[in-house]
Amino acid sequence: MALKLLIIGYVWPEPRSSAAGSRMMELIDFFQQQGYEVTFASPAALSEHRADLKSLDVHEVAIELNSESFDGWVRNLDPQIVMFDRFMMEEQFGWRVEQQCPQALRILDTEDLHSLRQVRHQRFKKLDPAETLDKQFDDKHTLFLEMSELDIAQREIAAIMRCDLSIMISRFEIELLTECFGVRHENLVHLPFMLERENITLPRFKARNHFVTIGNFRHAPNWDSVLWLKQVIWPRVREQLPKAELHVYGAYPPKKATDLHKPGEGFYLDGWAPDVHRVLSQARVCLAPLRFGAGIKGKFTDAMLNGTPAVTTPVGAESMHGDIPWCGEVAESVPAIVAGAVRLYKDAEFWQDCQQNGFDILEAEFSREKIQARFLQQIEYTRAHLTVSRKENFMGQLLRHHHHKSTKYMSQWIEAKNKLLS
């Protein structure tokens, strides 16, 4: 009988709209390769650009929050692994899974540390940021002190501790959790994007034109980057490259974004990109200066896959390239960002060196074969030693005891209230 994986999704995956959606599809593909029967369940409304999971032999199930109907359903499904898509789903359903399927391995897919992103965003808001970057690389202890004051950090890190394994996409975030928050390294999995570069001929330097930036507009760091590009950076680039264009792609652009569309200024708001790889492979440079955020950035691995050098900031390149030089320029000021963009656009030899750096980064940091082997080994080991692993994770036991009691009774109260109102 096939092993069963249940994924409880915060949203339905949209691989062509966000890195998080692509990441979820990577995980689904990985587990199917290992012979798992995959069920994806979510309380979210169906979305416009969601993946066709049924065509991939993934069972789709709509579930309800605060409903005992989930209990019987998950007990009958009897999955060997349950994966929560972001900590909010662990909060809602973790206690129910533990109660109904106590032997199931519970995995949290963090996507990135939401609390780290929020701390950086809050810090950024306090600046007068027209021409400056936040000091994103403050020491970990400073970040710890700032994060520990946030309710979201307490919730997120508690969820990480309650789970048997938590998938972390960034080495920096693993260091932050283990060195400052006391999370056991054995309960964390370093799992960056799992990629494989296709052996295809990509357009060369002279066959490419213009700049591109891409990212879901519902993600605050992306929107800030687009606004900064329009107001500050792009006008200075255009002064030196008057025939160049910047094409901005991303799902769910609001009116305030589409209002930025100014072809006369070489600034094009193109909206959702049906084929990200076509867009990136035709561009000469990916220009995405991010001023806050967390995790690692799918826009840059997509750029590397398509041989497109990138200009970004330290937070944009965080935990992405190890000891290998970046696939373009990492800059900390407006003049440096502009200079890097112009140099990449004009200097064919430098451009080719940066393109090769991107290919080297993909092989060293994002090799699908190497990462999958490591992930499978950790899953199998933890499943085989589940009882011991849970005993050793005393803080996780403590948090499950107190959290599950309070969440259980609150959920049951909401459930009873809904029944009375129906």
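Hi everyone. Let's start with Asp78, which is partly exposed, with a relative accessible area of 44%. Keep in mind that we are looking at a predicted model. Asp78 is found in the loop between α2 and β4, and its phi is near 50°, a positive value in a residue other than glycine. Why mention that? Most residues other than glycine have a negative phi.

Arg86 is another case to look at. Its phi is near 80°, again positive in a residue other than glycine. You will find Arg86 in the loop between β4 and α3. Is Arg86 buried or exposed? At 14% relative accessibility, Arg86 counts as buried. The cut-off for that word is under 20%.

We have an open sheet of 7 strands with parallel pairing, and the order is β3-β2-β1-β4-β5-β6-β7. Which strands stand at the edges? They are β3, residues 59-62, and β7, residues 188-190; each has a single partner strand, so one side of each is left without a neighbour in the sheet. From one strand to the next, the twist averages 25°.

Now please find β1 on your screens. How many of its residues are buried? The count is 5 of the 5, so β1 is largely enclosed by the rest of the structure. In a regular strand the side chains alternate between the two faces of the sheet. Here, Lys4, Leu6 and Ile8 point one way from β1, while Leu5 and Ile7 point the other way, and all are buried.

On one side, β1 is joined by 5 bridges to β2, residues 37-42, and the two run parallel. Leu6 has Thr39 as its bridge partner in β2. To get from β1 to β2, the chain passes through helix α1, residues 19-33, and this β-α-β crossover is right-handed. There are also 4 bridges between β1 and β4, again running parallel. The bridge partner of Ile8 in β4 is Phe84.

Hold on to that pair, Ile8 and Phe84, as we turn to the core. In soluble globular proteins, nonpolar side chains tend to be buried together. The largest nonpolar core in this model has 40 residues, and those with the most contacts inside it are Ile8, Phe84 and Leu177. Among the elements that give two or more residues to this core are β1, β4, α3 and α7. Which element gives the most? That is α6, with 6 residues.

What does Phe84 touch, leaving aside its neighbours within four places in sequence? Its contacts include Ile8, Met89, Phe93, Val97, Ile107, Leu108 and Cys163, and also Glu90, Arg106 and Asp109. A second, separate core has 33 residues, including Phe217, Phe267, Val338 and Cys354.

Strand β6, residues 165-168, is joined to β7 by 3 bridges, and the two run parallel. Ser166 stands opposite Leu188 in β7. Across β6 and β7 lies helix α7, residues 171-180, running at about 160° to β7.

Notes: Residues numbered from 1 in each chain as written. Predicted model: local features only at pLDDT ≥ 70, side-chain atom pairs only at ≥ 80, totals over all residues. Heavy atoms only, no water. Pairing = 2+ DSSP bridges. Axes fitted to C-alpha atoms, helices over the stretch in contact; angles between N-to-C directions. Contact = heavy atoms within 4.5 Å. Core = buried A, V, L, I, M, F, W, Y, C linked by side-chain atoms within 4.5 Å. Buried < 20%, exposed > 50% of the residue type's maximum accessible area, 1.4 Å probe, protein only. Right-handed = clockwise from strand over helix to strand, strands pointing away.
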